[in-house]
Amino acid sequence: MANGQVLPQCGKPRMRAERTAQDGLGKEFYERNWTLIQDDLRDVLNQMFWDGKITSRQKHGILICLPKPRGNPTPADYCPITLLNSYYKILARMFARRLRPIMEDHLTYTQYCGIPGNTILDAIATVRDSIAYAENKNTPSCVLSPDFKNAYDRVLHGYLFKIIHGYGIGAPFIKGIQHMYEGATSSIQINGNQYGPIPVRCAVRQRCPMSMALYTLGLHPLLKVLEQNLPGLKMGKQERHTSVIAYADDVTIFVNSIADFPIIEETI
């Protein structure tokens with residue numbers, strides 16, 4: 001976004017091969033027509049970011065519910081996915097990529113999601129190693145996994161914008177994210193029929209490219225307080241202790257004594 005441009009003169013926007021564009025325009029459209037549309041696309045994205053000219057149609061999403069792999073499904077056994085406009089998704093992916101260095105600088109080793117070089121397998125391995133170490137050393141311990149029900153749906157926008165401002169992110173960048181959420185709506189699609197629109201007044205959207213980054217940044221203060229106030233496990237000659245491990249909203253807390261539970265309860 002330097003020099004007033006969010007998109008370079010050349011180089012196609014990298015989009016995953018997803019059939020989740022609400023307007024039906026997938027990455028194949030951009031690949032085949034790139035030389036024709038690149039200048040217009042750059043101008044549109046500049047207007048969306050700098051001028052906040054994001055139409056209500058571009059902010060509108062179609063929410064579909066995918067069944068989880070369980071038997072006898074109930075409404076709670078469906079995962080909501082939001083189909084979004086292609087321009088909206090391209091701009092959101094640019095925001096997400098520019099948030100990565102900030103996440104790498106500010107998020108501690110407790111959060112494995114969104115940090116370059118870390119994967120969910122690293123988080124699982126750390127939990128496994130911590131349990132094995134406690135067993136070998138006969139250290140009394142308990143592994144606590146709090147369940148953040150409907151985690152993405154309960155993120156308050158005011159809280160989120162205040163938190164990301166605390167990371168030193170500039171006002172124009174935060175304002176660009178705010179423009180993408182202000183006046184956003186969704187319709188629910190059930191059996192081919194759509195119902196809505198419903199205003200989106202809180203939550204980060206499932207399947208939006210920047211939702212994972214925003215959620216992990218918003219969750220970080222909780223992880224930080226737990227890390228600072230719980231003794232956790234110190235394995236071998238490591239200087240740091242392991243109190244909490246997270247991958248997005250999957251959080252694992254290591255408890256050493258009954259005295260740790262009031263700390264956890266108060267923090268949450």
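**Entry 1: Ser187**

Which residues does Ser187 touch, not counting residues up to four places away in sequence? I listed His60, Gly61, Ile62, Leu63, Gln194, Tyr195, Gly196 and Pro197. Before going on, I noted that this is a predicted model.

Next I looked up where Ser187 sits, and found it in strand β4, residues 185-190. Is Ser187 buried or exposed? I found a relative accessible area of 6%, and because the cut-off for buried is under 20%, Ser187 counts as buried. I then turned to its side chain, which makes a polar contact with the side chain of His60 at 3.0 Å. His60 is also one of the residues on my contact list for Ser187.

**Entry 2: the whole protein**

I stepped back for an overview. I have 9 helices and 7 strands in the protein. It has 268 residues, and 43% of them count as buried. I also checked the contacts with a separation of 6 or more: residues 24 or more positions apart account for 68% of them.

**Entry 3: a sheet of 3 strands**

In what order do the strands of the open sheet come? I read β3-β7-β6, with antiparallel pairing. The edge strands are β3 (142-144) and β6, and each pairs on one side only. On average, neighbouring strands here are turned by 15 degrees against each other, direction ignored.

I reminded myself that strands of a sheet pair through backbone hydrogen bonds, either parallel or antiparallel. For β3 and β7 the pairing is antiparallel and runs over 3 bridges. I picked out Leu144, and its bridge partner in β7 is Ile253.

Which helices lie across these strands? I found α8 (residues 211-229) across β6 and β7, running at about 160 degrees to β6. I also found α9 (residues 260-267) across β3 and β7, at about 150 degrees to β7.

**Entry 4: helix α5**

I followed helix α5 from residue 120 to residue 136. Its 17 residues reach 24 Å from the first C-alpha to the last, close to the 24 Å expected at 1.5 Å a residue.

Which residues of α5 are buried? My list reads Ala123, Thr126, Val127, Ser130 and Ala134. They lie on the same side of α5 because they cover an arc of only 95 degrees around the axis. What covers these buried residues includes β6 (244-247) and β7 (250-255), and both strands belong to the sheet of Entry 3.

I then looked at the face of α5 turned away from the buried side, and there I found the exposed residues Leu121, Ile124, Arg128, Glu135 and Asn136. After α5 comes Asn138, with a positive phi near 55 degrees.

What is the phi of Ala203? I read a positive value, near 90 degrees. Ala203 is in the loop between β5 (193-199) and α8, and at 11% relative accessibility it counts as buried.

The other alanine is Ala248, with a positive phi of about 60 degrees although it is not a glycine. I found Ala248 in the loop between β6 and β7. At 4% relative accessibility, Ala248 counts as buried too.

Note on methods:
Residues are numbered from 1 along each chain as its sequence is written. This is a predicted model: local features need pLDDT of at least 70, side-chain atom pairs count only at pLDDT 80 or more; totals for chains, interfaces and linings use all residues. Side-chain values use heavy atoms; hydrogens and water are left out. Helices (H or I, at least four residues) and strands (E, at least two) are DSSP runs, numbered from the N terminus. The expected span of a helix is 1.5 Å times one less than its number of residues. Buried means under 20% relative accessible area, exposed over 50%, partly exposed in between (1.4 Å probe, protein chains only). The arc is that of the directions from the helix axis to the C-beta atoms. Contact means heavy atoms within 4.5 Å. A polar contact is a pair of N or O atoms within 3.5 Å; within protein, one must be able to donate a hydrogen and the other to accept it, and residues adjacent in sequence count only if both atoms are side-chain atoms. Two strands pair if DSSP finds at least two bridges between them. Axes are lines fitted to C-alpha atoms, for helices over the stretch in contact, and angles run from 0 to 180 degrees between N-to-C directions.
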